[in-house]
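Hi everyone, thanks for coming. Let's have a look at the structure together, and I'll talk you through it.

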Amino acid sequence: KVIVLNSQAATKDYAYLRPSKIYEQAARQQFQKSIANRTKLTVNSDSIAKALSREFPELADVFITLPLIGHQPLLYIEPATRALALNTHESGTFVVASNGKAIEQISSSKVPGTGLPVVSDQNSGSINVGSVALSQSNVKFVQLVLAQFKAANLPVQGMTIPENSEELDVRLMSLPYLAKFNLDENSGAKQQIGTFLATKHYLEGKGVTPSQY
């Protein structure tokens with residue numbers, strides 16, 4: 001039995017979920033792959049949940065419970081939330097979820113209708129629906145950058161990941177220069193943006209406009 005968890009997902013996020021029967025069938029196939037999975041004492045429910053997460057990119061979380069009485073496992077699923085639209089150099093444009101996976105390919109003309117922030121990825125490489133488009137840490141970094149600039153009342157005009165780099169270039173509507181940030185997961189977005197804002201304030205006080213930060 002499939003149970004959809006309540007989450008912070010918006011209505012559009014739930015639209016990516018497939019009919020429950022599809023998840024039921026996939027779970028049943030996973031249970032049947034091993035004789036050990038046919039009894040409560042030996043079943044590896046964590047392994048089955050991970051396999052389902054890999055198979056269905058639109059799911060942020062999957063876990064399975066086995067009832068004390070009865071034989072019907074309960075499959076809990078939670079939809080992944082849409083995070084951004086990724087415009088790639090080779091494969092086109094994708095809706096990317098908070099888990100970093102591409103959950104839908106869309107035409108560039110439909111991007112404005114999604115209401116999602118757009119990141120242009122200039123790295124070469126093929127991306128398909130279901131594959132990891134960005135690391136989860138990179139998605140979180142982008143979200144933090146957007147949140148921090150929104151709090152500072154600095155609207156973002158565009159974001160780019162340059163080719164062969166671990167860098168996020170951000171163009172702000174109010175500034176004539178790029179702000180470059182390190183996507184390395186060990187470099188916190190809040191700290192980097194705090195440094196940028198302090199530097200911006202200092203340069204403006206000196207009447208200096210750099211070509212990039």
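So, a quick one to start: in which helix does T114 lie? T114 sits in α4, which covers residues 111–114. Helices here are DSSP runs of H or I with at least four residues, strands are runs of E with at least two, and both are numbered from the N terminus.

Before I go on: this is a predicted model, where local features need pLDDT of at least 70 and side-chain atom pairs count only at pLDDT 80 or more, while totals for chains, interfaces and linings use all residues. Residues are numbered from 1 along each chain as its sequence is written, and side-chain values use heavy atoms, with hydrogens and water left out.

Back to T114. Is T114 buried or exposed? T114 is buried, with a relative accessible area of 15%; buried means under 20%, exposed over 50%, partly exposed in between, using a 1.4 Å probe and protein chains only. Leaving aside residues up to four places away in sequence, T114 touches K12, R82 and I106, where contact means heavy atoms within 4.5 Å.

Okay, zooming out. The protein has 6 helices and 10 strands. Its radius of gyration is 21 Å, well over the 17 Å that the globule rule gives for 213 residues, so the protein is more spread out than a compact globule. That radius is taken over C-alpha atoms, and the rule is 2.2 Å times the number of residues to the power 0.38. The C-alpha trace spans about 75 × 30 × 30 Å along the principal axes.

Now the sheet. Seven strands form an open sheet with mixed pairing, in the order β6-β5-β4-β7-β8-β9-β10; two strands pair if DSSP finds at least two bridges between them. At the edges are β6 and β10, each with a single partner strand, so one side of each has no neighbour in the sheet. Inside the sheet, β8 and β9 pair in the antiparallel sense over 4 bridges, and M159 has V170 in β9 as its bridge partner.

Last stop, the helices α5 and α6. They pack at an angle of about 40°, with axes 9 Å apart. Axes are lines fitted to C-alpha atoms, for helices over the stretch in contact, and angles run from 0 to 180 degrees between N-to-C directions. On the α5 side the contact includes F141 and L144, and on the α6 side F196 and L197. Finally, α6 lies across β9 and β10, running at about 150° to β10.
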